[in-house]
Amino acid sequence: IPWGSHTPENFSLPHAQGILDADHYGLTDVKARILEFLAVGKLRGSVQGKIICLVGPPGVGKTSIGKSIAGALGRRFFRFSVGGLTDIAEIKGHRRTYVGALPGKIIQALKRVGTENPLVLIDEVDKIGRGINGDPASALLEMLDPEQNNSFLDHYMDVPVDLSRVLFVCTGLTTYYSLQSSSSEEILIANNLDTIPAPLLDRMEVLEVSGYVSEEKAVIAERYLAPQAREASGLGTANVVLD
């Protein structure tokens with residue numbers, strides 16, 4: 001465990017703006033809110049005590065926004081998914097009396113990144129389950145809550161671990177359903193965050209990442225997808241025009 005080891009943070013707003021613009025097209029409202037978040041962190045000298053939850057349809061770039069925030073702050077990045085998780089030991093770890101015991105995900109993350117202040121992205125937080133082995137959502141609340149996580153107790157470690165320096169970013173889905181009525185087409189929005197326990201959701205700052213219009217999709221395809229397609233096809237230096 002990297003006791004006392006942390007990476008210096010970069011609160012430069014022009015630097016953060018450049019990284020967000022280079023990695024994502026559009027998303028003006030989300031970028032503005034992230035810059036406000038970094039500006040407050042610059043005034044406080046820390047971004048501790050905040051939990052960001054990015055909500056939106058699949059494929060709009062929620063995970064990559066988390067990577068961009070880590071790059072803007074100069075933090076190490078670690079991602080794990082809790083979709084379908086039903087065992088509390090995945091969060092709190094196994095007791096060492098069991099064969100094949102392992103620490104929880106967050107302790108594994110600290111060990112892998114080697115610092116006390118990484119950015120940890122928790123994917124599919126709206127799909128966390130509940131089974132006979134406990135309620136992982138309650139354990140997740142203990143891990144994320146700024147009032148509790150300064151002495152998080154992992155069953156495998158059996159010593160308090162300070163998680164207050166960790167910046168947590170969660171992602172969840174918002175599903176759009178299209179229904180055809182007699183008069184006009186109706187769009188229904190189903191917010192999957194209803195499955196998150198209210199005490200956990202209250203501690204999150206929810207940022208909605210909406211979809212893209214046709215013009216934005218065309219620009220994204222030209223600026224981001226076309227170079228990736230050329231590189232994946234081994235034609236990175238060739239003069240190829242994609243239609």
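**Ground rules.** I noted that the model is predicted, that local features need pLDDT of at least 70 and side-chain atom pairs pLDDT 80 or more, and that totals for chains, interfaces and linings use all residues. Residues are numbered from 1 along each chain as its sequence is written, and side-chain values use heavy atoms, without hydrogens and water. Helices are DSSP runs (H or I, at least four residues), numbered from the N terminus.

**Helix 1 and helix 3.** I read an angle of about 150 degrees, with the axes 9 Å apart. Axes are lines fitted to C-alpha atoms over the stretch in contact, and angles run from 0 to 180 degrees between N-to-C directions. Helix 1 and helix 3 are therefore roughly antiparallel (the term covers angles over 145 degrees). H15, A16, I19, L20 and D23 of helix 1 meet S68, G71 and A72 of helix 3, where contact means heavy atoms within 4.5 Å. I sorted this contact into four nonpolar, three polar and one charged residues; Ala, Val, Leu, Ile, Met, Phe, Trp, Tyr, Cys and Pro count as nonpolar, Asp, Glu, Lys and Arg as charged, and the others, Gly among them, as polar.

**Helix 1 and helix 2.** Helix 1 (residues 13–23) packs on helix 2 (residues 28–44) at about 150 degrees, with axes 10 Å apart. I logged a right-handed crossing here. L13, A16, Q17, L20 and D21 of helix 1 meet K31, I34, L35, L38 and A39 of helix 2. By class I have seven nonpolar, one polar and two charged residues.

**Helix 2 and helix 3.** With helix 3 (residues 62–73), helix 2 makes an angle of about 35 degrees, and the axes are 12 Å apart. V30, I34 and L38 of helix 2 touch I65, I69, A72 and L73 of helix 3. I found seven nonpolar residues in this contact, and no polar or charged ones.

**Pocket lining.** Which helix gives the largest share of the lining of the largest pocket? I traced five residues to helix 8 (residues 214–232). By class, the lining has six nonpolar, five polar and two charged residues.

Note on methods
Helix = DSSP H or I, 4+ residues; strand = E, 2+ residues; numbered from the N terminus. Left-handed = near helix turned anticlockwise from the far one by under 90°. Parallel < 35°, antiparallel > 145°, perpendicular 65-115°, else oblique.
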